[in-house]
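Q: I have a model open and a few things to check. Can you take a look with me?
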Amino acid sequence: MSQLKNFTKGFVQENPVFVLFLGLCPVLGTTTSAINGMGMGLATTFVLTMSNVIVSLIKNFIPDKVRIPSFIVIIASFVTIVELTMQAFTPVLFDALGLFIPLIVVNCIVLGRAEAFASKNTFLTSVIDGFGMGLGFTLALVMLGGVREILGSGSLFGIKFIQGDGMILFVLAPGAFIVLGYLIMLMQKLKSKSA
Amino acid sequence: MEYIIIIISAIFVNNIVLMKFLGICPFIGVSNKVETAIGMSGAVMFVMVLATLVTYLIQTFVLEPLGITFMQTIIFILVIASLVQMVEIVLKKISPALFQALGIFLPLITTNCAVLGVAILSIQNDYNLIEGVVFAAASALGFGLALLLFSSIREQLDLAEIPEAMKGVPIAFIVAGLLAMAFMGFTGIV
């Protein structure tokens, strides 16, 4: 039961984007469509899960003083793996996400979970935590990307169902801020009602 | 002329915060007061210029000759992290006053994606050393401008009457969206 709770806490209660406000740069920068958001979310999920695995396994061998630099090296290695893999197998997505793939390194969620969770917990709970948090992050990105895609180009996951151009503003930078603002508002509203 | 174009483009047209979405965490996090916004901008400027300088030198004289440019991400983040530590130690020794002013912001900068982002961008744009440094300084100015404008608005927002669910972060994002819309007016001037 507690493992299940550990897995699902990232979806709503401790959603990294809507509740913790962590790692917002890629959230805004890559969600021009639902597909791009999903790509970014899954790439981050991979890095998050794998770095949690390694950190939880070697946490006892790392001296406390060089903890953070070691975590950064572990994370950067997995980001490089993702970067090269995406460049080889999904070149279109790689171009669309651009700069934000190497920037997964400085995504506060990844380092945050390594430091706050994986360095204190066992292997299994850390894996579940990383995977759940990653999925919560992906969920937020797909929601934001979906809303922006529907409003901005009248399609969802590339399937067009409204004729015409849509409100281009929502694909551009201001739309990202405004849609995220409203989504967080909705989240706070729901939370205050249930509490 | 070239430099003027880089400067105007980095500050206004491609503002790193409002158009490129880099450095959003400090943008939302430390923008409650004008004073802290100025401190943060100063620290970012300092580190960003230094980081771009150092990463450029590493890229041209180490990574490229050895053919290991795929190590870019790992090397750059390590360089930036150690640079921040070094700046902290040196500042403490040389100028305690400046350290007092920037001190608390320095550790936060390692995870500010704008620093790594600008370092990578100046290499992707094929800038030479001087262009890269100018680009970094101008980007930092753009960051400072956005942060200053935003924090001034947020100080006013504290006094405004806002629906309960909108308070805090949501309204901040909507304001940022409107600010980004205003900055879109600069599109096409260079």
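Q: By class, what residues does the lining of the largest cavity have?
A: This is a predicted model, where local features need pLDDT of at least 70, side-chain atom pairs count only at pLDDT 80 or more, and totals for chains, interfaces and linings use all residues. Nine lining residues are nonpolar, three are polar and none is charged. Ala, Val, Leu, Ile, Met, Phe, Trp, Tyr, Cys and Pro count as nonpolar, Asp, Glu, Lys and Arg as charged, and the others, Gly among them, as polar.
Q: What volume does that largest cavity have?
A: About 60 Å³. A cavity here is a set of points on a 1 Å grid over the protein atoms alone where a 1.4 Å probe fits but cannot get out, and lining residues have an atom within 4 Å of a point. Grid points are joined across faces, edges and corners, and the volume is the space filled by probe spheres set on the points.
Q: Which of its lining residues are the closest to the centre?
A: Of the twelve, A:Cys25, A:Pro26, A:Val106, A:Asn107 and B:Cys113. Residues are numbered from 1 along each chain as its sequence is written.
Q: Which helix gives the most to that lining?
A: Helix α2 of chain A, residues 24-29, with three residues. Helices are DSSP runs of H or I with at least four residues, numbered from the N terminus.
Q: Switching to backbone: what is phi at B:Asp126?
A: Near 55 degrees, which is positive in a residue other than glycine. B:Asp126 sits in the loop between α7 (113-124) and α8 (129-157) of chain B.
Q: Is B:Asp126 buried or exposed?
A: Exposed, at 68% relative accessibility; the cut-off is over 50% relative accessible area, with buried under 20% (1.4 Å probe, protein chains only).

Notes. Chains lettered and ligands numbered in written order. Heavy atoms only, no water. Helix = DSSP H or I, 4+ residues; strand = E, 2+ residues; numbered from the N terminus. 1 Å grid on protein atoms, 1.4 Å probe; cavity = no way out; pocket = protein on both sides within 12 Å on 5 of 7 lines; lining within 4 Å.
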